[in-house]
Amino acid sequence: MPAPGSWIAVALGLGALALAGWFLTRPDEEPSPAPRPPFLLPVTLAEVEQGELRPRAQLTATVRAARRARLAFELDGTVRELMAEEAQRVEGGAVLARLDRVDEELELAAAEAALALAQREEALLEAGERDEEKRRLAAVLESARAEEELARSEVARAEKLFESRVVSESEQDRRVSELRVAEKRRAAAEEQLARAEAGTRPEDLAIAAARVDQARVRLATTRHELAKNELRAPWSGSVLARYVSVGAYVASGDPVFELVDLEHLEIHVDVPARLATRLGASSRAHVRVPGLRQGFETALDALVPAADEAARSFRAIARLGPGDDGQALLSPGMFVDLELVLEPVPGALLVPSDCIVYSELGARVVRAVEGPPGPDGAAGLVAELVPVRVVSEEGGRSAVEALEGALVPGERVLLTGADGAFPGVALLVREPAAAAGAAR
């Protein structure tokens with residue numbers, strides 16, 4: 001029979017075994033998770049300021065000649081002479097080329113002769129009959145009168161003889177007929193003398209003057225047609241290109257020379273629409289030629305009022321003439337760097353340009369405002385999105401207008417972190433790198 005101590009040892013062993021089994025088979029208890037910290041967006045802030053912005057714009061412009069033309073004849077023909085070459089400077093009105101013009105020269109000679117003839121005929125009519133002709137006509141009239149008197153006397157004498165039957169009736173009729181002829185001859189002589197003494201009729205003078213005018217018009221037309229055989233420079237300039245040679249046949253409108261005016265230049269620059277609204281009467285442009293240290297300042301003379309439909313930009317033009325600053329530095333076709341001084345924006349709300357976030361919805365800034373109190377009772381900053389319109393930009397600062405709500409000078413906006421901000425997100429404000437470096 002086992003000893004009483006053995007049963008105690010067995011009981012203790014079984015208890016220890018049961019305790020070990022329970023410990024190994026009990027379910028695992030889940031540890032309680034630690035509280036998760038709230039999401040904070042790290043940001044740096046800047047203040048909204050109010051002041052005047054003097055914007056400038058850096059653009060690239062093109063130099064063009066104010067006058068540039070391809071010159072052509074108005075007529076078809078063969079080139080007889082060329083009086084200019086490429087790179088040659090010519091004065092306005094100078095003859096540059098001529099066509100073969102034999103037919104036109106003959107037509108001109110005929111028109112000049114026709115005018116001379118018409119003028120001589122007019123002068124003859126204006127002078128009237130000469131004195132010698134008038135004296136001759138007066139003598140003819142006297143002779144006609146004498147013949148008439150003689151014929152009348154013969155009729156009167158024969159009348160008495162006719163009554164006495166000495167002269168036959170036929171003889172008397174002959175003498176009467178001779179008297180009538182003498183009367184008509186005398187009347188005609190009187191009329192000729194009166195016409196000679198009165199001079200040319202106004203109607204005849206008017207017809208002669210009209211013929212002279214007609215001849216003058218014909219001569220002017222011929223000269224005009226002859227002038228079309230000469231190609232003249234419309235203004236002073238330099239020959240940029242020559243397209244034909246002597247002996248070549250050219251049709252009307254075929255280019256013969258290309259002429260460019262190097263003394264009157266224009267600087268053309270395409271200005272984006274957002275900047276074009278800031279161009280005014282006082283706008284100036286600083287021009288610099290790449291590769292040269294020299295530069296100059298000029299005024300903008302014109303702004304095309306309609307935008308280019310493809311580029312959505314407006315064209316501004318600065319015109320330079322002889323003696324203007326910088327005119328000698330430029331040539332047509334050059335590119336120049338242009339700095340536009342735009343109209344100042346007074347009393348504008350100014351923010352750093354980096355504060356502005358652009359998206360398909362437009363431009364916006366993110367304002368930092370006080371949010372609801374946290375668990376500790378302290379109120380933190382949260383993000384608020386403000387749509388804006390950018391008025392202008394200069395030197396890293398932008399003038400903006402709020403499209404919803406209002407921006408007030410002194411308010412804080414996100415300088416960094418704005419890209420990841422959304423409405424109501426809590427903000428963790430950090431010092432800008434520059435400020436932190438200065439504090440150390």
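# Exercises on a predicted chain

Of the contacts (heavy atoms within 4.5 Å) between residues at least 6 apart in sequence, 76% join residues at least 24 apart. The model is predicted, so local features need pLDDT of at least 70 and side-chain atom pairs count only at pLDDT 80 or more, while totals for chains, interfaces and linings use all residues. Residues are numbered from 1 along each chain as its sequence is written, and side-chain values use heavy atoms, with hydrogens and water left out.

**Exercise 1. State how many helices and strands the chain has, and what share of its residues is buried.**

Step 1. Helices (H or I, at least four residues) and strands (E, at least two) are DSSP runs, numbered from the N terminus. The chain has seven helices and 24 strands.

Step 2. Buried means under 20% relative accessible area, exposed over 50%, and partly exposed in between (1.4 Å probe, protein chains only). Of the 440 residues, 31% are buried.

Step 3. By the Shrake-Rupley method with a 1.4 Å probe, where for residues only the protein chains shown count as cover, the accessible surface is about 27,600 Å². Carbon and sulfur atoms hold 54% of this surface.

**Exercise 2. Give the strand order of the open sheet of seven strands and find its edges.**

Step 1. Two strands pair if DSSP finds at least two bridges between them. The order is S14-S13-S17-S3-S12-S16-S15, and the pairing is antiparallel.

Step 2. The edges are strand S14 (295–299) and strand S15 (302–303). Each has a single partner strand, so one side of each lacks a neighbour in the sheet.

Step 3. S3 and S17 are joined by seven bridges in the antiparallel sense. Arg56 is found opposite Val341 in S17.

**Exercise 3. Describe the largest nonpolar core and the surroundings of Val336.**

Step 1. A nonpolar core is a set of buried Ala, Val, Leu, Ile, Met, Phe, Trp, Tyr and Cys residues joined through side-chain atoms within 4.5 Å. The largest one has 25 residues, and Ile267, Val271, Leu330, Val336 and Leu340 have the most contacts inside it.

Step 2. Elements giving two or more residues to this core include strand S3 (56–65), strand S12 (265–272), helix H6 (273–276) and strand S17 (335–341).

Step 3. Leaving out residues up to four places away in sequence, Val336 touches, among others, Leu59, Ala61, Val63, Ile267, Val287 and Leu330.

Step 4. A second, separate core has 18 residues, among them Leu71, Val79, Ala97 and Val256.

**Exercise 4. Count the salt bridges and work through the pairs Arg397 with Glu49, Asp270 with Arg315, and Arg232 with Glu230.**

Step 1. A salt bridge is a side-chain nitrogen of Lys or Arg within 4 Å of a carboxyl oxygen of Asp or Glu. The count comes to 26.

Step 2. In the pair Arg397 with Glu49, the closest N and O atoms are 3.7 Å apart. Arg397 lies in strand S22 (residues 397–402) and Glu49 in strand S2 (residues 49–53), so the pair ties together parts 348 residues apart in sequence. Arg397 is partly exposed at 34% relative accessibility, and Glu49 is partly exposed at 43%.

Step 3. For Asp270 with Arg315, the closest N and O atoms are 3.2 Å apart.

Step 4. Arg232 and Glu230 have their closest N and O atoms 2.9 Å apart. Arg232 is partly exposed at 45%, whereas Glu230 is buried at 15%.
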